[in-house]
Amino acid sequence: MQSSATSVQEYLESLPDDRKDAIMKVREIILQNLPKGIEETMNWGMISYEVPLDVYPDTYNKKPLMFAALASQKNHMAVYLSGIYCDPALREKFEMDYKASGKKMDMGKSCVRFKKLENLPLDVIGWAIGAADMETFVLFAKENRRK
């Protein structure tokens, strides 16, 4: 369920109140932990946190490299956490900390799905956002770029 909103504020205003409150709280955690240089934008129909093209222009789709994202989907909300894939130890720590929180983890390839804010361990999400700096993430992207 992609949004046609062109700004974060417009996106937030388009959400039902319960979703808006949850997304705003998760967004606050993301912004508090966001590595220096990563920018918040609207892209792919969701709130996106990206490496600017002037830092890393050589992406496969000529769009900014997505570091993280936040979205309200049809049946759930989701936080996309590309940054924890820079190092297998980061992903492993994230999964262990998430499970230790006692909250049920519903994780896809790069996203964590949740239906209610109380189902999401915000401290673990905050850690995951800040786990890799922009330079490490860009280096990872360069090393793993499909040819």
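How many helices and strands does the protein have? There are five helices and five strands, where helices (H or I, at least four residues) and strands (E, at least two) are DSSP runs numbered from the N terminus. Residues are numbered from 1 along each chain as its sequence is written. Because this is a predicted model, local features need pLDDT of at least 70 and side-chain atom pairs count only at pLDDT 80 or more, while totals for chains, interfaces and linings use all residues; side-chain values use heavy atoms, with hydrogens and water left out.

**The whole chain**

Begin with everything shown: along the sequence, the elements follow the pattern α-α-β-β-β-β-α-β-α-α, and the C-alpha atoms fill a box of roughly 40 × 35 × 25 Å along the principal axes. Of the 147 residues, 45% are buried (buried means under 20% relative accessible area, exposed over 50%, partly exposed in between, with a 1.4 Å probe and protein chains only).

**Helix 5**

Next, select residues 134-143, which form helix 5, and colour its buried residues, Met134, Phe137, Val138 and Ala141. These four cover an arc of only 100° around the axis, so they lie on the same side of helix 5; the arc is that of the directions from the helix axis to the C-beta atoms. At the start of the helix, a side-chain oxygen of Asp133 reaches to within 3.3 Å of the backbone nitrogen of Glu135.

**Ser82**

Now select Ser82, in the loop between strand 4 (77-81) and helix 3 (88-100). Ser82 is buried, with a relative accessible area of 16%, and its side chain reaches the backbone oxygen of Met66 at 3.5 Å. Leaving aside neighbours within four places in sequence, Ser82 is in contact (heavy atoms within 4.5 Å) with Met66, Phe67 and Phe137. Phe137 is one of the buried residues of helix 5 already selected.

**The cysteines**

The structure holds zero disulfides, a disulfide being a pair of cysteine sulfur atoms within 2.5 Å. Cys86 counts as buried at 15% relative accessibility, and Cys111 is also buried, with a relative accessible area of 9%.

Definitions and conventions:
A polar contact is a pair of N or O atoms within 3.5 Å; within protein, one must be able to donate a hydrogen and the other to accept it, and residues adjacent in sequence count only if both atoms are side-chain atoms.
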